Amino acid sequence: MKYVIGIDLGTSGVKITLVNRKGETVHERSKTYPLIQNKSAYSEQDPNEWVEKTVEGLAEMVTLFTGNPLDIEGMSFSGQMHGLVLLDEQQQPLRHAILWNDTRTGEECKEIYEKVGREKLLELTQNLALDGFTLPKLLWVKNHEPEVFQQAKSFLLPKDYLRLKLTNALHMDYSDAAGTLLLDVKQSCWSEEIARLVGLDKALFPPLVNAHDKVGVLTDEIARRTGLSKDTNVFAGGADNACGAIGAGVYEEGKTLVSIGTSGVVLSYEESNDKDFQGNVHYFHHGVADRFYTMGVTLAAGYSLQWFKETFAQEKRFDEVLAELDEVSAGANGLLFTPYLVGERTPHADATIRASFIGMDSGHKRAHFVRAVVEGITFSLHESVTLFRQYGKAIETIVSIGGGAKSASWLQIQADIFNAKVVKLSTEQGPAMGAAMLAAYGCGWFNSLKECGDAFLSIEQEFIPNEANVKTYQQLFNIYQQVYGKTAELNEQLSTFRK
Ligand SMILES: Nc1ncnc2c1ncn2[C@@H]1O[C@H](COP(=O)(O)OP(=O)(O)O)[C@@H](O)[C@H]1O
Ligand SMILES: O=C(CO)[C@@H](O)[C@H](O)COP(=O)(O)O
């Protein structure tokens, strides 16, 4: 039997999956690493920790594996998007990576609009200047840490840095490059025009490859440390949401997925790159070559639950916290949460807004708060579902992936709030499975990613909307949508007190 490895370099941790030729998951390992948040709005990680944790996880997996490591034919990657890794001449990180959920770059976003122009930016990149994207982070380092920036020889995104350290080969794939705001999405190449207008040297930009392209093999050192063969074929891989789309079978018009990881995403397949969504949703390259997707993003989806657990129920596991969901009925007895802990992206691109609990009552217990947090996260995702429906997309079935899809109660809440059938696949590890599928396709096991999906993916359970809850949630969603407008100005005033 032959095998491939999919590695998902997420925000909360790295997830590694070993998949056989039938698409069965043989072993899974995961390792966590922390966010470094030294100031409000800052979110960083140490790139070398990604490498160390991945190598540890791979070594443990090889120890568990009873077959011959030579039969592990290939490996590919999925990675948290947009994070800036700035490299020196020796390809070492010059500073910690600045992540997708770091919102320090308001001034740099303004600078991009001033220098490039909103319309030109949209025309070239199909996207707006949002704090989370990579270009504002590059400009932030240039403006605030010029001595660091001067030493920069190239920049990478998180999974590209990991792959560089496993292979010594430096590349970026199109699906991740699309999230830098430097890719000409229509021409599929680096935009020389944007680079010139914002004053960046094109020499910083890495060579571009397709997600399924082979980029090398493992270095001798990594082979020795992990126990894998140094001839293991390494394929580029893609952005976590692009890989999630592959791992959830979203490679056909009309297919939609919801991912609840640290972020939350509603993603819809697009056949072409020439539709006009006016930047209201992100518009990026898919992991399937020459295909695209649109998506709305909730910055703190799983992260809101993680924050709640760490702050109020540290001793409990996620499944124990979520067991309290069913103690309370839909609507959490009048308690409403907006998940704006680190700002928001869709539909309110706002780095200053912060979260609220509205309607706290002396009768509320922790279970009401758990239910309100989960409902609030899902309402935020429903804003993106609603936006897509307004653009004319029929969303009747949604594939749900990510850590949030581990809970059956939350999957039912998703069905009730989205008023759509929610499908759980046999693995919720969509991005890691998508990465493994890129490796399987790259190894030539299948003629297309779709053929691979048909063989690898299967439905485990479906969740049908409960009519009574759908009605309750429709009323509550109307109230939820008002909270942003009513708290934006208050948060503006409070922002001066944040440290
Ligand atoms: N048993 C569980 N049930 C539901 N949600 C969970 C469970 N365990 C973890 N989660 C949620 O999943 C999130 C992590 O999802 P994951 O897809 O691993 O994120 P990332 O890719 O960002 O690292 C956590 O922040 C938490 O909110
Ligand atoms: O910023 C985005 C998408 O634009 C996020 O979706 C990141 O890609 C992080 O993903 P997770 O770690 O939450 O999976």
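**Labels and their cut-offs**

Guide: Ligand 1 is surrounded by 20 residues, and the closest are Ser12, Lys15, Thr262, Gly302 and Gly403. This is a predicted model, in which local features need pLDDT of at least 70 and side-chain atom pairs count only at pLDDT 80 or more, while totals for chains, interfaces and linings use all residues. Residues are numbered from 1 along each chain as its sequence is written, chains are lettered from A and ligands numbered from 1 in the order in which they are written, and side-chain values use heavy atoms, with hydrogens and water left out.

Visitor: What makes a residue count as near a molecule?
Guide: One of its heavy atoms must lie within 4 Å of the molecule. By that rule ligand 2 has 15 residues around it, and Thr11, His82, Asp240, Ser263 and Arg345 come nearest.

Visitor: What makes a polar contact, and which backbone atoms does ligand 1 meet?
Guide: The pair must be N or O atoms within 3.5 Å; within protein, one must also be able to donate a hydrogen and the other to accept it, and residues adjacent in sequence count only if both atoms are side-chain atoms. An oxygen atom of ligand 1 is 2.8 Å from a polar backbone atom of glycine 302, and for glycine 403 the distance from a ligand oxygen to a polar backbone atom is 3.0 Å. How much of ligand 1 does the protein bury? Alone, the ligand exposes 590 Å², and 87% of that is buried by the protein; such areas come from the Shrake-Rupley method with a 1.4 Å probe, and for residues only the protein chains shown count as cover.

Visitor: Which polar atoms does ligand 2 meet?
Guide: Oxygen atoms of ligand 2 lie 2.5 Å from a polar side-chain atom of threonine 11 and 2.6 Å from one of histidine 82. Taken alone, ligand 2 exposes 370 Å², of which the protein buries 95%.

Visitor: How are the residues of the two shells classed?
Guide: Ala, Val, Leu, Ile, Met, Phe, Trp, Tyr, Cys and Pro are nonpolar, Asp, Glu, Lys and Arg charged, and the others, Gly among them, polar. The shell around ligand 1 has 4 nonpolar, 12 polar and 4 charged residues; around ligand 2 there are 5 nonpolar, 8 polar and 2 charged.

Visitor: How do you know that the span of helix H13 is close to what is expected?
Guide: Helices are DSSP runs of H or I with at least four residues, strands are E runs of at least two, and both are numbered from the N terminus. The expected span is 1.5 Å times one less than the number of residues. H13 (366-390) has 25 residues and reaches 36 Å from first C-alpha to last, close to the 36 Å expected.

Visitor: Why is proline 465 called partly exposed?
Guide: Buried means under 20% relative accessible area and exposed over 50%, with partly exposed in between (1.4 Å probe, protein chains only). Proline 465 has 25% relative accessibility, so the label is partly exposed. Its place is in the loop between strand S24 (459-463) and helix H17 (467-494). In H13, by contrast, 21 of 25 residues are buried.
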